Amino acid sequence: MHLVIAKVDEVLFEGEAHSLTVPGTAGEMTVLGEHMPLITTLKAGELRVHLTVHDEPKIFPVEKGVLEVRRDGATVIL
Amino acid sequence: MALKQIKSKILAMKKSQTVTKAMEAVSAAKMRKSQLKALNGRAYAKAAVSVLSRVSGSRLFSSLPLTTERSVTAALYIVITSDKGLAGALNSGVLRTAVADIQASGLKKDVVSIIAVGKKASDFFERRGFHVVHHANTDHISSEFIDTVVRQAIQRFLLGAVDLVKIAYPNLISTFEQRPTMRTILPLTLGELQKVVSDIVPARGVATSALVESTKKVVQSYSLEPSEEEILEMILPKLVSIFVYHALLESQASEHSARMVAMKSASDKAGEMQESLTLKFNKVRQAAITREVSEITGGMEAMAS
């Protein structure tokens with residue numbers, strides 16, 4: 001899926017990713033491709049992005065933010 | 001005028017032309033950089049607007065504290081200018097717009113507070129006895145800085161210290177035209193928001209069409225977690241940051257374009273001056289030579305007779 005992680009003044013990540021794990025306000029959740037459309041708020045924690053199934057995840061700290069999942073990808077704004 | 005004086009004037013012109021030319025080149029480079037930065041900020045604006053467009057249809061949107069209009073007894077103005085001058089009428093335009101708006105609102109000086117970004121703005125408002133609550137220079141715009149400004153604005157608004165937050169900045173229409181712009185950022189309204197988004201999607205730039213298309217895309221049905229209200233509460237302050245960040249970027253790009261144009265005309269003018277001075281120099285020199293020659297021939301004539 002196409003993933004964008006952006007702060008107001010910079011884009012932290014943009015590209016294809018296998019999965020994204022976020023600290024949602026309602027609990028941690030992992031988003032894979034073809035996930036149902038969803039908007040959720042995030043609480044403090046870390047975002048983990050897997051580019052492929054078994055690689056080391058890229059980690060981005062998050063204070064709060066919003067995750068939007070569409071059929072064709074996901075966007076996190078911090 | 002003596003030859004020597006003219007010569008030194010020509011030299012001085014040459015020197016100032018070198019300086020203005022250098023400043024022009026520097027501004028051109030900085031302008032490109034700030035436009036690139038503006039492009040980078042679009043991903044965020046795009047995402048925030050698309051999230052908002054899913055949730056803004058509801059009645060809830062206009063009933064939140066940040067979106068409720070109140071009668072205005074005190075106002076906060078965020079005024080953005082550059083730190084340095086030499087940029088044509090850029091700063092004075094913004095300052096004039098802000099002052100005109102304050103006067104039009106009928107508010108007295110003591111209920112108007114100012115957040116001044118840029119040295120020109122803070123000097124201007126302090127000299128006129130306005131209450132400047134926060135001022136900063138523009139040289140490093142970071143997300144922390146935006147956060148501080150936005151947090152201050154939101155806090156004041158929520159506490160009821162101010163009922164209106166407006167932002168004044170120069171909007172970049174093209175390299176040759178910057179228009180002083182005034183926007184209401186709190187209370188947030190959908191109309192104002194659309195205006196800002198259409199500013200972010202200007203006629204220029206590469207990413208324009210992509211952004212327009214994505215905001216027009218058919219709305220899919222989303223599941224919202226935990227609730228619409230909480231998402232709105234999270235996203236509204238972010239929209240305010242987008243307003244402010246966008247204004248800062250526009251202001252920077254405007255500053256550099258305005259300075260580039262100002263410096264270009266200064267260089268041109270210096271060139272013209274050099275030409276006319278050189279012409280004058282040659283005329284004076286020619287006159288001196290003619291005089292000397294006629295003196296010599298006159299002397300010879302006198303000796304011969």
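**Exercise 1. Describe the pairing around strand β4(B) in this predicted model, beginning with β5(B).**

Step 1. β4(B) pairs with strand β5 (residues 177-186) of chain B in the antiparallel sense, over 9 bridges. Within this pairing, Lys166(B) has Thr184(B) in β5(B) as its bridge partner.

Step 2. Val79(B) has Ala168(B) in β4(B) as its bridge partner.

**Exercise 2. Determine why strand β4 (residues 164-174) of chain B is described as largely enclosed.**

Step 1. A residue is taken as buried if 20 or more other C-beta atoms lie within 10 Å of its own.

Step 2. Of the 11 residues of β4(B), 9 are buried, so the strand is largely enclosed by the rest of the structure.

**Exercise 3. Characterise the contact between chains A and B, and identify the strand pairing that crosses it.**

Step 1. Chain A contributes 24 residues to the contact and chain B contributes 27 residues.

Step 2. On the chain A side, at least two residues come from each of β1 (2-6), β2 (11-16), β5 (38-42), β8 (65-70) and β9 (73-77). The largest share, 4 residues, belongs to β5(A).

Step 3. Sorted by class, the side of chain A that touches chain B comprises 11 nonpolar, 5 polar and 8 charged residues.

Step 4. β5(A) is joined by 3 bridges to strand β6 (residues 223-225) of chain B, and the two run parallel. Thr40(A) stands opposite Glu225(B) in β6(B).

Key. Residues are numbered from 1 along each chain as its sequence is written. Chains are lettered from A and ligands numbered from 1 in the order in which they are written. This is a predicted model: local features need pLDDT of at least 70, side-chain atom pairs count only at pLDDT 80 or more; totals for chains, interfaces and linings use all residues. Two residues are in contact if their C-beta atoms, placed from the backbone, lie within 7 Å. Ala, Val, Leu, Ile, Met, Phe, Trp, Tyr, Cys and Pro count as nonpolar, Asp, Glu, Lys and Arg as charged, and the others, Gly among them, as polar. Two strands pair if DSSP finds at least two bridges between them. A residue is buried if 20 or more other C-beta atoms lie within 10 Å of its own, exposed if 12 or fewer, and partly exposed in between; C-beta atoms are placed from the backbone.
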